[in-house]
Structure formats: structure tokens, C-alpha cells
Amino acid sequence: MSNKGLGPLEDALAYRLHRTARRLRVHLVRFLAQHAPGVSPEQYFLLYRLHREDGRALKELKDPALDDRANVTRLVAGLERQGLVGRDKDDDDARIVRVFLTESGRTLFDRLLPKVVALREEAFGQVEASDIEAFSRVLDHLEAEF
């Protein structure tokens, strides 16, 4: 079998993206373990979405590219057990379940937010804004292709 056209794995963009995503995830897991024990990165992202737009329908919290409705339901259930979110039927359509931050969830998020901003600055502060914008366009392109 020929290795023609194949460079070192460490140079492959897909490998580098995967490796970097894992490192960022591990960093976030450690941060959350210290500042919000029991909250996973995925649960934090749900808290973030609810903080931006509280009362979203459960089906709106799933990632449209991944069709991860069952996983979102489990993540919300975990946050609910921790007292960070609650669920209610929609006032106009009882088939729709809306998810809300509880007072504890709001307090936790408000306490975490400045620390997350500092963490983000630590990770990306030395990167030029134009480079981040260009990289974001590349990621958008890749997401659209796959």
C-alpha cells in the first residue's frame, strides 16, 4: 500500500482540530469541576443558551446538525436534578415543554460567567481578532460540508 500524498498525522488538519477540541474540552471539564461540580461542558452550554433566551422549548435546545434530542433530554434531566433548570408546559400548546433556569441556575451562571470570560481570554487572548474570524469562517464551511 502506498503512502503517497500522506504526510505525518500530526500535520493533518482533521487530526489537529480533533486534538485541539479534546484539549479545550479537558480544560473546560477541569474548570467546571472546580467551579461548578456536577456540571458537564454540554450542560454548561445548555445553561448558556437558557441564559441568553430562557424558556426555550426543549426541542430548540438540541443541536440541529447532530439531532441529539435524546441526549439533550438527559442533559436537561441532570440539570433538573441539580435544581438548575425546571420544565413547564407551554401556555399555548401543551405538547411543547419549555425549559427555564431556576434561581439557583441563574445564580450559578452569573457566578461562572466572569470566570468563563477570563478562561476564554486566557485561551484566545493572544490570537488576533481577524484570525479568529477567518478560523470561524473555515469552521462554518466545514460544518456546512459535513
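1. Two strands count as paired when DSSP finds at least two bridges between them. In this predicted model, three strands meet that condition and form an open sheet, ordered β1-β3-β2 with antiparallel pairing.

2. The edges of the sheet are β1 (56-57) and β2 (85-89), each of which pairs on one side only. Between β1 and β3, which run antiparallel, there are two bridges. A57 has R98 in β3 as its bridge partner.

3. Which strands does α2 touch as it packs on the sheet? Helix α2 is in contact with β1, β2 and β3, and its direction makes about 90° with that of β3. Another helix, α3, lies across β2 and β3 and runs at about 115° to β2.

4. Nonpolar side chains tend to be buried together in soluble globular proteins. Here the largest nonpolar core has 24 residues, and L47, L61, V76, V85 and L112 have the most contacts inside it. Two or more residues each come from α1 (13-35), α2 (41-52), α3 (69-81), β3 (97-101) and α4 (103-124). Of the elements, α4 gives the most to this core, with five residues.

5. L47 deserves a separate entry. Leaving aside residues up to four places away in sequence, L47 touches V39, L79, L84, V85, L101, L108 and F109. One of these, V85, is listed with L47 among the residues with the most contacts inside the core.

Key. Residues numbered from 1 in each chain as written. Predicted model: local features only at pLDDT ≥ 70, side-chain atom pairs only at ≥ 80, totals over all residues. Heavy atoms only, no water. Core = buried A, V, L, I, M, F, W, Y, C linked by side-chain atoms within 4.5 Å. Buried < 20%, exposed > 50% of the residue type's maximum accessible area, 1.4 Å probe, protein only. Helix = DSSP H or I, 4+ residues; strand = E, 2+ residues; numbered from the N terminus. Contact = heavy atoms within 4.5 Å. Axes fitted to C-alpha atoms, helices over the stretch in contact; angles between N-to-C directions.
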